There are 6 protein chains.
Amino acid sequence: MRADGRTPDQLRSISITRGWSKQAEGSALIEFGNTRVLCTASLTAGVPRWLKGEGKGWVTAEYAMLPRATNTRNDRESVKGKIGGRTHEISRLIGRSLRSVIDTRALGENTVVLDCDVLQADGGTRTAAITGAYVALADALAWAKENKLIARTAEPLVDTVAAVSVGIIDGVPMLDLPYVEDVRAETDMNVVVTGSGKFVEVQGTAEGAPFDRAELDALLDLALLGTSELAEIQRRTLAGQ
Amino acid sequence: MRADGRTPDQLRSISITRGWSKQAEGSALIEFGNTRVLCTASLTAGVPRWLKGEGKGWVTAEYAMLPRATNTRNDRESVKGKIGGRTHEISRLIGRSLRSVIDTRALGENTVVLDCDVLQADGGTRTAAITGAYVALADALAWAKENKLIARTAEPLVDTVAAVSVGIIDGVPMLDLPYVEDVRAETDMNVVVTGSGKFVEVQGTAEGAPFDRAELDALLDLALLGTSELAEIQRRTLAGQ
Amino acid sequence: MRADGRTPDQLRSISITRGWSKQAEGSALIEFGNTRVLCTASLTAGVPRWLKGEGKGWVTAEYAMLPRATNTRNDRESVKGKIGGRTHEISRLIGRSLRSVIDTRALGENTVVLDCDVLQADGGTRTAAITGAYVALADALAWAKENKLIARTAEPLVDTVAAVSVGIIDGVPMLDLPYVEDVRAETDMNVVVTGSGKFVEVQGTAEGAPFDRAELDALLDLALLGTSELAEIQRRTLAGQ
Amino acid sequence: MRADGRTPDQLRSISITRGWSKQAEGSALIEFGNTRVLCTASLTAGVPRWLKGEGKGWVTAEYAMLPRATNTRNDRESVKGKIGGRTHEISRLIGRSLRSVIDTRALGENTVVLDCDVLQADGGTRTAAITGAYVALADALAWAKENKLIARTAEPLVDTVAAVSVGIIDGVPMLDLPYVEDVRAETDMNVVVTGSGKFVEVQGTAEGAPFDRAELDALLDLALLGTSELAEIQRRTLAGQ
Amino acid sequence: MRADGRTPDQLRSISITRGWSKQAEGSALIEFGNTRVLCTASLTAGVPRWLKGEGKGWVTAEYAMLPRATNTRNDRESVKGKIGGRTHEISRLIGRSLRSVIDTRALGENTVVLDCDVLQADGGTRTAAITGAYVALADALAWAKENKLIARTAEPLVDTVAAVSVGIIDGVPMLDLPYVEDVRAETDMNVVVTGSGKFVEVQGTAEGAPFDRAELDALLDLALLGTSELAEIQRRTLAGQ
Amino acid sequence: MRADGRTPDQLRSISITRGWSKQAEGSALIEFGNTRVLCTASLTAGVPRWLKGEGKGWVTAEYAMLPRATNTRNDRESVKGKIGGRTHEISRLIGRSLRSVIDTRALGENTVVLDCDVLQADGGTRTAAITGAYVALADALAWAKENKLIARTAEPLVDTVAAVSVGIIDGVPMLDLPYVEDVRAETDMNVVVTGSGKFVEVQGTAEGAPFDRAELDALLDLALLGTSELAEIQRRTLAGQ
């Protein structure tokens, strides 16, 4: 039994509020327990200069955390005048993850910027961000079809994508770690998986002792279980259920 | 009659959700119509080096906007590597406004940082931020008393404070301008007023034609009306009504 | 009686030296007592990209202080690698103030940059900067007419503009505060007024106790008095008297 | 057969020159084919402020690339004034990898900074950097024992560590990718493994199509093979063979 | 005969106004023809951390140019967020030059910052800055004696120092080049010389064709002539003549 | 006799390895004793915007030092977010030196960037950089002829160029100072000379006592001797001897 009453293979309570922002072409406020991330998708005609004339679109992402999303306040990166390594790393991960399910040719010469801003942090912010960004992206693409930026028959989304964290705590593999578990994990892994169950990213790190092949396998099993549940929640959310 | 059906002297629908953040000592999600600002108050023991040993506390504020809070996306200030003049100006205004109702000696050697992050922008973000930051500040101070950082008998808050925008549109003075009115205003004024009806800040700018004394007087009248209503909403919110 | 022998409604000794710089299209070294600001107007054909093709000109301003303009030395903003909030705020104020008396269409597609560098500071640097920048701007526009960048018949300047600080010290409203008064003021206001006596900017701040309507009115009266004298000095300076 | 004549499970020619730098406490110029990285270990007494008094040491790393290490020149990060996300990400990876084989208590209050500068790049720069940094670190620790910064009996190194890239190209899993293969890989993985065959980091990314469990397993097998060979080369190098 | 009527070995009209700034411990507005530099010396007790406890003082300098000091406006370095190479180079040159005539032990643990701000530029700004900074420094040291920061009997200044530019134009060596000559010079040299006629800095650059030993010798002769005249002007200025 | 056994007028052991980098159009690893600088020449078609259409090429240089090139580690300029004055100064010196032997019209609209990265520092890094950059530049120009970016008959190189440091130590003028001599030198001079024996740059600095004309002459004699030997080594290296 875990501190919050879950079994090792259980997700936290997941909530996705579509259209939380009135301004963006697509948006979702996603909650993994107390972790709360606002994902907006900004879709505009045109692509960056280096991609012009190739008939392909572009999807990128930026991740950030409000200064008091965490238990103690962090200085703003805008005030410090530079972006930290962790922020860069996560922004790049989110961008790659979402691009993995995009057919850039079907997207046409349009750009989508996915902004994932953590309003409240309790572990798993990057995986919540990826999972929520997918919903915002899907809605922005639907908007683009209605507004004729993308042809009705084009299908830029080739699959769904979701992510979850897994880790080994006191020798037990566990799914979807909140902050209190994350800091205690010997091994910590973030896994990004498509709706069809294939891997997009596998990022495992030994925080304490290095891990062996059997532990790695157990973590991957848990991650596939968690992401298949998230894919179902995404599907239901987008179906308006 | 205005585009949103209000009379010239009517506020937008105002909503304040106390304790929106589980992490901060005090917090409020404030809405002025579609403008939505998350205000958190981070209270910590100790003061900046330059204030040490004087027996006085410090209150400061930082304002920022999410990149897609607005109708078109703005680049992040963290990515640009510098904070814009507008952001600086508003952060300073919020800080001064809240300090005006603080007895720093009663606060003791504690520091409060007020973070006001605009999640959705539709005009009046700085005035919503000041009004919401007051609620977050009040809750953080209550928390500090419960946690004995401040003596039970101390009263660091000497008054309440709220702010509203006013402007002249097509010759008519109007209260609490949303974005569509703000861009059309000939004169635009932000007024910060205490619960006892005294001015803390008066910032009037001729966007179009310069304004005369009579126009200035009419705007000040409207602002006093609006801030007295906001003070009442703050009072009810903090009373849990 | 004030420390420098003035009555409450008296300006400091004002001096404006036109053409102090041989390089700029227009320039003025302005002195409000010991405050000394070098204002240059750089006029060039063309406008920023975002304004091209609209047949309108652009006026902007940058304010800065030499490191030893003040009683103790401040680090250079170029060395710190970023511009402070106060600098940003004042640059924006000067720009807005001067644009308020410009007919951008009559200016044509020309740009004027007003640089206001404080060589010596003793309170009221922003108001001296606005008052001096007007003279530099007027001379640059005259230069532009002589050099056919602007048609002889065009009249880009629709009015004059000047600024002054006012404040309440020990309960007495006073005009044009030097540094020693500024730090003691309970309320501090900078007012920008056109030659025809209309307000362009009103920025009042309660440094100590909040102020009431009567105090605000008394300060506005003083400010109108001071700016009308400054307008007369500007007029005489430009007339070569 | 690969373009450079290797079989899919074959490493490139590996060369490690110990003590390439006369200045550092430990250093190695490592070559994986045409990839050439200079690794230096700077060992100094003392630890960062946040670690003082805990009786533990600190190991950190910085990765960078010379502007013309690559086929076309890249702007210097010092000239751009900021460090890119990729650089941050790799520096953090190297630091975590080396810390995984360090007993910080046995290291005592000493700090080691590992600088990995890519002099020539042809794929696999981060894995070469980790593998070379281990050699530089081992030599710096030996130096510290000789110079009595660390006790003769202490053993700060608990294992060896090496890294290699693997990828799937045209459906075939391959070991140690040079640049021409890296850009064609559908899936790309960097794996960091200890001398005892346990995982420290597993970072797999689907560059093209997502990958399934069987492909992941094949890549991990190859990586374990490659890193065991690298561990043997490290052992021989440090034994002076 | 030169464009401004001077002979090749003649300085421009030199003017030094002592005490131009009321704020600094020492100051001088120096003019070499139309070049106009404000030099202030800020003297404070104490030295930088790395020099503490050695019983020695520190002298450093910062050079900068107002944006419209030149014929066309340059962007501010504070706005660009970084200092250019030329500015750095000149600041370092001024600092070294003034330190060459300081006995840091006699200065005691005091710091002098020399700010040289070019208000108007017409060639030779760095040499004017050095020559003027000497006067500001001398006055600041006198002030420090009066205020007992330095003992009456101490003599921190061991010599005077001045600088001048020389160059070869159309084959003719010339002294003290204004901008129009500077841009045409084949060789350009800045020479810093003590009152006793010894070299502190010799910086010669072939802008066009490389120069031979004879040309170098002719330039050095001219520079010694010019700096001896400047030393005399400095002496008279400080003697109040 | 010097510490390393040389006579005062003797260069350290000089080594130049052409083509050290497989990536650059021209490259050289140059060693002056233990000083080791990697020089690469990146030649690309086209020129910066401000030079377009003039039929002339551009040559520029960037100098940097690896963090552990020196005896104690220096923070990276990329991490500090800004380039230091010394780095700027040396980059500019190298650029000017190489441009002095280039006929930009014969170079045509091509750009060469010379990167000089100090891998190991033991005094004289800037002079080694200039001397090595010449070899890299010559090779890049030969490459450009082979690849028809420059006409076979064009001769962009009008001379060779090399540099050496000289200094006075304990009253004795000495050639090519290693670090231990450099820190003890009373006067330190860097001299850049063409193959035909003319001066390109003369930069002399009194580190201790100012120097007189006779000392300056002795240093120039030594520098001409040293650079003529370096020119011969460059010639032999490029001739493949």
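Chain A and chain B of this predicted model bury about 2900 Å² between them, 47% of it on carbon and sulfur atoms; buried area here is the accessible area (1.4 Å probe) that two parts lose on being put together, summed over both. In this interface, 34 residues of chain A are in contact with 34 residues of chain B, where contact means heavy atoms within 4.5 Å. Since 100% of the interface residues of chain A are also interface residues in chain B, the copies meet through the same surface.

Residues are numbered from 1 along each chain as its sequence is written, while chains are lettered from A and ligands numbered from 1 in the order in which they are written. Local features need pLDDT of at least 70, side-chain atom pairs count only at pLDDT 80 or more, totals for chains, interfaces and linings use all residues, and side-chain values use heavy atoms, with hydrogens and water left out.

Turning to symmetry, chain A is superposed on chain B by a rotation of 180° with 0.0 Å of shift along its axis, at an RMSD of 0.0 Å (least squares on the C-alpha atoms of residues with pLDDT of at least 70 in both copies). That is the relation of a two-fold axis. Within chain A, Ser78(A) has the C-alpha nearest the axis, 1.9 Å from it.

Twelve salt bridges are counted between chain A and chain B, each a side-chain nitrogen of Lys or Arg within 4 Å of a carboxyl oxygen of Asp or Glu. One of them joins the side chains of Arg76(A) and Asp117(B), at 3.0 Å from N to O. The elements giving two or more residues to the side of chain A that touches chain B are strand E3 (35–45), strand E4 (58–65), helix H1 (77–80) and strand E5 (110–120) of chain A; helices (H or I, at least four residues) and strands (E, at least two) are DSSP runs, numbered from the N terminus. E5(A) provides the largest share of that side, six residues.

Other chain pairs stay apart. Chain A and chain E do not touch, with their nearest C-alpha atoms 10 Å apart, and no contact joins chain B and chain F, whose closest C-alpha atoms lie 11 Å apart.
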